[in-house]
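Let's take a friendly walk through one protein structure. Have a look at the sequence and the 3D view before reading on.

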Amino acid sequence: MANGGIIGPVQDPQIQSELVTTVTGTGTFTTGALTTNLTEILVVGGGGGTVNCGSGGGGAGGYRTATCISVSGSTGYTITVGNGGSVAARPSGGGAGGNSVAAFPSNPITSAGGGGGNYGTGSNGGSGGGAGACGFASPGNNDGGAGNTPATTPSQGNTGGGAQRNQGGSGGGAGSSQNGNFANSGNGNSGGNGTSSSITGSSVARAGGGGGGGKGNGHHGGAGGNGGGGCGNNSPTCNTDAVNGSANTGGGGGGGASGLPGCGPTKSRTGANGGSGVVIIKEPEVKSAPGIWSMESVYEYVKDGNWTN
């Protein structure tokens, strides 16, 4: 017989290659037909926005990963990608980034949006927004927003910098701050650097904090954190107006200038928006060989490297 003497249909093994899907907008993600677990998932919230006329940098979106998530083949799951926070006019704080959510029933994952940068105290979020140097109630002594809000295990972000303390955010994409106090001028700090992942096959940094805006004529903003953070107004790195956080990185927006008009003669004092988040999902290679097989067929498939383990 053509199939080596075994009664039954001639079959081929089912082979599903490794799949990596980058979700850049809210919608439904459908798993491959043979997928029963996800190898890895990365969920980044939207970055925080900043404030016109005096702002710390926007905090980066929360950054969370998970492995070995149970799913069912050919099933659709809702994925929410957080928007970047918007620019606000003081005394309001910069808009917080939106949460990104991967709604897998076996292990739902939420990364909080980054806190907005402010002209006074920064806002809480996945990573805290940076404080500005113009808080009239307590000039020059403003704290950055708290990161990892709401609390998660493991932590998903870091605290934004405080104005008086002249500290930028550290680690996974916290916002930065301005330097100096209400009476004095100064340069904005750089945003905290984001975190790198090779889930797509090459190393890419995401969730960088926004650079703080400078205060006073001739003083510059801070650089955006590596991983999509936007430069603060008139940063030497960009030499432009404040820069938005990069789309689908969760980067925080750069802070606008404060104090004397201009902050660098040709630059405005406008703040910037945060960058939208992203969800990246990796499915493993799957090989399946159900049914009854002749030894000859098995041998040929094993020899060609196409037999399941």
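## Strand β7 and its partners

Strands β7 and β9 (residues 100-102) run antiparallel and are joined by two bridges. Across this pairing, T80 stands opposite V101 in β9. Keep in mind as you explore that this is a predicted model.

Strand β7 also pairs with β3 (residues 27-30), again in the antiparallel sense, and here there are four bridges. If you find T28, you can look across to its bridge partner in β7, which is T78.

Now follow the side chains along β7, because they alternate. On one face you will find Y77 and I79, which are buried.

## The nonpolar cores

Which residues have the most contacts inside the largest nonpolar core? They are I41, I69, I79, F104, V279 and I281, in a core of 16 residues. At least two residues of this core come from each of β4 (37-44), β6 (63-70), β7 (76-80) and β13 (278-283). Of these, β4 gives the most, with three residues.

## A closer look at I281

Leaving aside neighbours within four places in sequence, I281 is in contact with L19, V20, T21, V23, F29, L38, E40, I41, I79 and F104. Among these contacts, I41, I79 and F104 are also listed with I281 as having the most contacts inside the largest core.

Note on methods:
Residues are numbered from 1 along each chain as its sequence is written. This is a predicted model: local features need pLDDT of at least 70, side-chain atom pairs count only at pLDDT 80 or more; totals for chains, interfaces and linings use all residues. Side-chain values use heavy atoms; hydrogens and water are left out. A nonpolar core is a set of buried Ala, Val, Leu, Ile, Met, Phe, Trp, Tyr and Cys residues joined through side-chain atoms within 4.5 Å. Buried means under 20% relative accessible area, exposed over 50%, partly exposed in between (1.4 Å probe, protein chains only). Contact means heavy atoms within 4.5 Å. Two strands pair if DSSP finds at least two bridges between them.
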